[in-house]
Amino acid sequence: MKQNKNFMLLLAVICVLVAVLSACGGGSGPNANQAKEPASPGNTGASEASEGAVDISQEATLKLLMIGSKPTDYDEVFGELNRLLKEKMNATVETEFLDWADWTQKYPLKFAANEDFDIAYTANWAFYNDQVLKGGFLELTDEMLQQYAPKTWEALPEAAWEQAKVNGKLYMVPNNNQEVTDKVVLVREDLRKKYNLDPVNSPETYAAYLKAIAAGEKGISPFGAKPADGWKWHELDQILLEQQNEWNLVDYNFPLGYKLDDPSGKVFNVYDTPEFTQLIEYYKDLADQGAWSKNIVSNKNDVYQDIKAGKISSYAQNLGTISSNVGEIRRDKPEMEVNVADLTPDKKKIGAISTQNGMSIHAISKQPERSLMLIDLLQNDKEIHDLTMYGIAGKHYEPVGDDKYNPGPSYANYNLSGFSVWGWNSLLNRTDASYPEEGTKMLEEWQSKVHHFPLESFVFDDTKVKNEVANVGNVMLRYAIPLEYGLIKDLEKGQADLIKQLQAAGLDVIQQELQSQIDAFLAQ
Amino acid sequence: MKRSGLWNDIKKYKILLLMLTPAVLFFLLFAYVPMAGIVLAFKQYNYTGGVFGSPWNGLDNFRFFFDSGDAWRVTRNTGLYNLAFIIVNNALQIFAAILLFEAAGPWFRKITQTVMFLPYFISWVVVGAIAYNLFNYDYGTINVLLGALGLEPLDIYNTASYWPLILIVVSAWKALGYGTIMYLAAITSIDTEMYEAAEIDGANVFQRIRRITIPNLYPTAIILMLLAIGNIFRGDFGMFYNMVGNNGLLFSSTDVIDTFVFRSLTTSNEIGMSAAAGFYQSILGFATIMLANYAVRKYDSDRALF
């Protein structure tokens, strides 16, 4: 009895404490709401922007919000940057870095808490639409851009500006880099020649290549995939399912796509098509002949390192990555002959939309003019662009001509892979001098025939179907991946199972919601 | 009995209470205060509203879990795995502790203890990599050995039925050293006079173990098990995720609530939905520990937790 009393007392004390503490927490909710009000898209900058010439007599400090880890030599490079900026626009910058580990949590909070910063990195994969709709960014008018970012206004193609608009209004200075999203495969040319095979340029020649290596080379796994990280597709799907059939998947978290040449944008379940049935037969045949390890879905090794070590002979990635890999292998392992191969050379190519990277101005920034001027310099001033992208010449990189570079002695302490400097990618970008010519050529060829279509910049808002998206993703991992990697014996049953499970998980609901959003988008 | 006000107690035990303070603060801050966050399970979380200002959405956050059709399977898996871990691990730990106590000299005991303790410090990520190199179909150690003996290789990563055994063995291997030390400490604190008396009465080693050591270990074992039972519906995420990963073929026998929720929600970042799953686990855990404690109290009221 006594024991019970004590326990009750303890419980009571805890209850009181929790109540008090949660009440304190509750108080901050409404306050935060109030503070948020003034940040709605109505902008303060636009009215001032149209008046008179740029006044830079007052020194300004601009705060920059970037994603990624702070480079070791940040102080040195940005010290130099601040010296240049002081000369060119009487301003200095301070940068805050959101580490890769937890930026998805921190980034929205920076806006929610109305923290003081002027410019933020943003992208279609980094909350751009989300923050625009929540009122986090300042609207950029043509006049503002013409006046404060004249070089960028000139250099960036009209289409790039258009793609960055949300509901007809612009909130981002997108990067100026015509990437193509199509994927390619890396091929060991020495092995291909050894078995007297045709050059790899189609799904059939690729299958022949993989099978020949599976049959002839002990100790080499013909095809490799990156360690399973929740990716819900076979690594060749983008090439063999999307590019080959000229489809586009709306979101890689569920299997709904549309045909590129379908003006009505009708979406369908890609697993429920004869093309998919054929594809899993193609995959099954490869798997049965040993084209990839039986344990490919449990792989824990870095696939590129395995290729470099000669344990794997091919993998699929985007053109930029594969080309860099080829360049690196040619430099480090010249005895291993490698090349880039496009399996769908005659098909339509899809360009990366400009919002892949970009810079936006915080809605409550007090210095939107200076911020735009800074973005202009970062993107289109050769000296500043080189410095911020590649570091200090002779130390972090060695310039080769005007458009190439070699890694310098301190390359590791400052380079463009560390944090989101891609926000100001532009035509001034340099390429790694070891980057193979084939890659450059292929990219140029692709760029000349990039296919533009109305749904290019469509983004799906999944708010209403979050439960279904979560469950469909799970079904894909559990049923689609083993089926595609040829681990399920009965293909017909496997495919039927997959489709049935997807229905149960609510794919129809997503399809309806998606179709209605697409229809509304096309009607605009 | 004199007046025993709260104040008097505090004055009387102030040193003891002071020593208790860090632990109480810890649990207050990290276990009781966050409990207020349970409201998130019933809210459509958004950044402007925050934890308390976001709109309510009833039981919507629980939908993904129960609509998926996997709720029962993952809950059962979680419960059964943890039950197996508790039984197997405790039995092995008691066994190892008794062996070390009875059979080993001081040097041998110290070295064995250290060696057994080592796996406890290896992170699950590393254990996962070791397992991959053991079980891999093409070049895994096990298949290389089988091949050398002229036997058929095992396709471990594509066969769900091997995994319950693998997971139980790995869990036992990793937890052995830690638990053994606890039980060894409990054995060392048993009054040695009892052993001397038993020896004089002619009891042999096995009789001593059965009649003295094991009964004296009951309290420790029961407390450890009760503590573990409270977490029976929380899968060890590090273990399941690193051992199994995203291998869909193994999910039927290896999926636990934590891995299921992780997979479902990594792409959507929906805080409310993960809070809902956590809440579900807490409710189940709370119910089991109350039941277990009730059962223990019925049987022997001195050994119950509360």
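**Helix packing and sheet architecture in the predicted model**

The axes of helix H18 (residues 466-484) of chain A and helix H14 (residues 257-265) of chain B come within 8 Å of each other and cross at roughly 110°. This angle makes H18(A) roughly perpendicular to H14(B). On the side of H18(A), the contact is formed by A:Ala470, A:Asn471, A:Gly473, A:Asn474 and A:Leu477, and H14(B) contributes B:Arg263, B:Ser264 and B:Leu265. By class, the residues of this contact divide into three nonpolar, four polar and one charged. The model examined here is predicted, and the values reported below are to be read accordingly.

A further helix pair was examined within chain B. The axes of helix H6 (residues 106-121) and helix H9 (residues 163-188), both of chain B, come within 6 Å and cross at roughly 125°. The two helices are therefore oblique, H6(B) to H9(B), and the crossing of H6(B) and H9(B) is left-handed. From H6(B), the residues B:Gln113, B:Met116, B:Phe117, B:Leu118, B:Pro119 and B:Tyr120 take part, meeting B:Trp173, B:Lys174, B:Ala175, B:Leu176, B:Gly177, B:Tyr178, B:Thr180 and B:Ile181 of H9(B). The contact of H6(B) with H9(B) comprises 10 nonpolar, three polar and one charged residues.

The secondary structure of chain A comes to 20 helices and 20 strands. Of the 524 residues in chain A, 43% are buried. Among contacts in this chain between residues at least 6 apart in sequence, 78% join residues at least 24 apart. A:Leu256 belongs to strand E10 (residues 256-259) of chain A and is buried, with 21 other C-beta atoms within 10 Å. When residues up to four places away in sequence are not counted, A:Leu256 touches A:Val250, A:Val267, A:Asn269, A:Ile510, A:Gln511 and A:Leu514.

Two sheets of chain A were considered in detail. In an open sheet of three strands, the order is E13-E7-E14 and the pairing is antiparallel. Strand E13 (316-318) and strand E14 (338-341) of chain A are the edge strands, each pairing on one side only. On average, neighbouring strands of this sheet are turned by 40° against each other, direction ignored. Helix H14 (residues 319-332) of chain A packs on the sheet and touches E7, E13 and E14 of chain A; the direction of this helix makes about 165° with that of E14(A). Strand E7 (residues 183-188) of chain A pairs with E13(A) in the antiparallel sense over three bridges, and A:Val185 has A:Ala316 of E13(A) as its bridge partner. Four bridges join E7(A) to E14(A), again with antiparallel strands, and A:Arg188 is partnered by A:Val338 in E14(A). Within E14(A), A:Val338 and A:Val340 point one way, whereas A:Asn339 and A:Ala341 point the other way, and all are buried.

Strand E18 (residues 404-407) of chain A pairs with E19(A) in the parallel sense over two bridges. In this pairing, A:Tyr405 stands opposite A:Asp432 of E19(A).

Most residues other than glycine have a negative phi. A:Asn90, although not a glycine, has a positive phi of about 50°. A:Asn90 is found in the loop between helix H3 (74-89) and strand E2 (91-98) of chain A, and with 15 C-beta neighbours inside 10 Å it counts as partly exposed. A:Phe127, also not a glycine, has a positive phi of about 65°. The loop that holds A:Phe127 lies between strand E3 (119-122) and helix H5 (128-133) of chain A. A:Phe127 has 19 other C-beta atoms within 10 Å and is partly exposed; a residue is classed as buried if 20 or more such atoms lie within that distance.

How values were computed. Residues are numbered from 1 along each chain as its sequence is written. Chains are lettered from A and ligands numbered from 1 in the order in which they are written. This is a predicted model: local features need pLDDT of at least 70, side-chain atom pairs count only at pLDDT 80 or more; totals for chains, interfaces and linings use all residues. Axes are lines fitted to C-alpha atoms, for helices over the stretch in contact, and angles run from 0 to 180 degrees between N-to-C directions. Angles under 35 degrees count as roughly parallel, over 145 as roughly antiparallel, 65 to 115 as roughly perpendicular and the rest as oblique. A crossing is left-handed if the near helix is turned anticlockwise from the far one by less than a right angle, and right-handed if clockwise. Two residues are in contact if their C-beta atoms, placed from the backbone, lie within 7 Å. Ala, Val, Leu, Ile, Met, Phe, Trp, Tyr, Cys and Pro count as nonpolar, Asp, Glu, Lys and Arg as charged, and the others, Gly among them, as polar. Two strands pair if DSSP finds at least two bridges between them. A residue is buried if 20 or more other C-beta atoms lie within 10 Å of its own, exposed if 12 or fewer, and partly exposed in between; C-beta atoms are placed from the backbone.
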